[in-house]
Amino acid sequence: MTPPPSGPVCAGASQYASYPTFSSYVRARGPVLLRTARSLTANPCDAEDLLQTALAKTFMAWERIEDHRALDGYVRRALLNTRTSQWRKRKVDEFVCEELPEPVGLPEPDPAERQVLHDAMWRAVLKLPERQRQMVVLRYYEDLSEAQTAEVLGVSVGTVKSAVSRALGKLREDPELTPVR
């Protein structure tokens with residue numbers, strides 16, 4: 001996820017220097033937005049291309065976006081619109097055959113079972129003390145690094161490491177999650 005190229009190749013690229021917050025936004029929210037893009041495509045490379053296109057559209061509209069607190073929603077909408085456009089333009093590579101191919105590998109887990117696991121995990125996280133819960137959510141749900149989590153919460157990296165370690169220990173001991181193991 002690199003910023004748009006400079007020079008005559010990209011219209012409006014000369015304005016890039018006037019938007020230092022765009023590059024910081026991409027650095028901060030890129031991994032989360034990439035996960036969203038991956039949920040829209042089957043191929044991780046296509047997800048990166050999709051996100052790059054959506055970020056380029058966001059960059060071009062940066063000046064018109066009034067509420068920068070809603071940037072994630074704007075980029076997600078750009079992801080969906082771009083993916084929809086790609087889907088409409090796609091070339092059909094499906095061929096009729098007499099027999100259905102057998103699935104390769106393990107069967108996909110039951111979505112209901114995945115939801116039960118998700119709900120049990122979230123209930124277990126909610127049982128944690130508030131500070132540990134904040135750190136677990138930032139580290140594993142928001143996918144922030146230990147340093148980023150420490151910065152957000154205004155604590156040291158060592159505090160984050162020890163608190164997350166204790167929280168994971170409590171989650172391992174939670175009786176509601178025992179059947180999952």
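Student: Which residues of helix α6 are buried?

Tutor: In helix α6 (residues 146-153), Thr149, Ala150 and Leu153 are buried. Buried means under 20% relative accessible area, exposed over 50%, and partly exposed in between, with a 1.4 Å probe and protein chains only. Helices are DSSP runs (H or I, at least four residues), numbered from the N terminus. Please note that this is a predicted model, in which local features need pLDDT of at least 70 and side-chain atom pairs count only at pLDDT 80 or more, while totals for chains, interfaces and linings use all residues. Residues are numbered from 1 along each chain as its sequence is written, and side-chain values use heavy atoms, leaving out hydrogens and water.

Student: Why do the buried residues of α6 line one face of the helix?

Tutor: Viewed down the axis of α6, its buried residues fall within an arc of 100°, so they line one face. The arc is that of the directions from the helix axis to the C-beta atoms.

Student: What covers them, and which exposed residues are on the face turned away?

Tutor: The cover of the buried residues of α6 includes α5 and α7 (157-173). The face turned away from the buried side carries the exposed residues Glu151 and Val152.

Student: Which residue other than glycine has a positive phi near 60°?

Tutor: That residue is Asp143, found in the loop between α5 and α6. Most residues other than glycine have a negative phi. Asp143 counts as partly exposed because its relative accessibility is 43%.

Student: Changing topic, at what angle do α4 and α5 pack?

Tutor: Helix α4 (residues 111-127) and helix α5 (residues 130-141) pack at about 140°, with their axes 8 Å apart. The α4 helix is therefore oblique to α5. Angles under 35 degrees count as roughly parallel, over 145 as roughly antiparallel, 65 to 115 as roughly perpendicular and the rest as oblique. Axes are lines fitted to C-alpha atoms, for helices over the stretch in contact, and angles run from 0 to 180 degrees between N-to-C directions.

Student: Which residues meet there?

Tutor: Met121, Trp122, Val125 and Leu126 in α4 meet Arg133, Val136, Val137 and Tyr141 in α5. Contact means heavy atoms within 4.5 Å.

Student: And how do α2 and α3 cross?

Tutor: The axes of helix α2 (residues 44-61) and helix α3 (residues 71-89) come within 9 Å and cross at roughly 125°. This makes α2 oblique to α3.

How values were computed: Helices (H or I, at least four residues) and strands (E, at least two) are DSSP runs, numbered from the N terminus.
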